[in-house]
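I opened the notebook today for a new chain. My plan was to start with the overall build and then look up a few residues.

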Amino acid sequence: MAESVYKVIELIGTSKESWEKAAAAAVSRAGKSLRDLRVAEVVKLDLQLDAKGEVEAYRAKVNVSFKFED
């Protein structure tokens with residue numbers, strides 16, 4: 001089996017509806033410009049608040065790995 005190398009990048013997805021949709025948005029966007037996506041790992045969840053302290057958006061920090069090619 002040939003050896004492989006993977007690169008990991010950190011993305012932050014946002015959604016007005018849920019953390020799941022925020023994470024999916026990050027992965028979906030990554031898939032438009034990166035090939036051979038392998039793993040997506042949610043590493044942090046947080047909320048963006050408005051001036052009144054109300055939830056404005058859900059945010060998911062996601063590490064995405066893809067096959068590294070020269």
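My entries on this structure follow, from the whole chain down to single side chains.

**Entry 1: the whole chain.** I began by noting that this is a predicted model. I found one helix and three strands in the protein, and reading from the N terminus I get the order β-α-β-β. The radius of gyration came out at 15 Å, well over the 11 Å that the globule rule gives for 70 residues, so I describe the protein as more spread out than a compact globule. I then looked up the box that the C-alpha atoms fill along the principal axes, and it is roughly 55 × 20 × 15 Å.

Entry 2: How much of the protein is buried? I noted that buried residues make up 20% of the 70 residues. The accessible surface comes to about 5,400 Å², and carbon and sulfur atoms hold 50% of that. Among contacts with a separation of 6 or more, 63% are between residues 24 or more positions apart. I also checked the charges: there are 12 positive and 12 negative ones, and their mean positions lie 4 Å apart.

**Entry 3: S15.** I placed S15 in strand β1, which covers residues 6-15. Is S15 buried or exposed? Its relative accessible area is 11%, under the 20% cut-off, so I logged S15 as buried. The side chain of S15 reaches the backbone nitrogen of E17 at 2.9 Å. Beyond neighbours within four places in sequence, I listed K21, A22, A57 and Y58 as contacts of S15.

**Entry 4: R29.** My next stop was helix α1, residues 19-33, where R29 sits. With a relative accessible area of 52%, over the 50% cut-off, R29 goes down as exposed. I also looked up its distance to G13, 16 residues away along the chain: the two C-alpha atoms are separated by 8.8 Å.

**Entry 5: D46.** I found D46 in strand β2, residues 37-49. Which residues does D46 contact, leaving aside neighbours within four places in sequence? I wrote down W19, A57, Y58 and R59. With R59 there is also a polar contact, side chain to side chain, at 2.8 Å. Last, I looked up L11, 35 residues from D46 along the chain, and the C-alpha atoms of the two are 13 Å apart.

**Cross-check.** I noticed A57 and Y58 in the contact list of S15 and again in that of D46.

Definitions and conventions. Residues numbered from 1 in each chain as written. Predicted model: local features only at pLDDT ≥ 70, side-chain atom pairs only at ≥ 80, totals over all residues. Heavy atoms only, no water. Helix = DSSP H or I, 4+ residues; strand = E, 2+ residues; numbered from the N terminus. Buried < 20%, exposed > 50% of the residue type's maximum accessible area, 1.4 Å probe, protein only. Polar contact = N/O pair within 3.5 Å; in protein donor to acceptor, adjacent residues only side chain to side chain. Contact = heavy atoms within 4.5 Å. Rg over C-alpha atoms; globule rule 2.2 N^0.38 Å. Areas by Shrake-Rupley, 256 points an atom, 1.4 Å probe, with all protein chains shown as cover. Lys, Arg positive; Asp, Glu negative; His and termini not counted. Charge placed at Lys NZ, Arg CZ, Asp CG, Glu CD.
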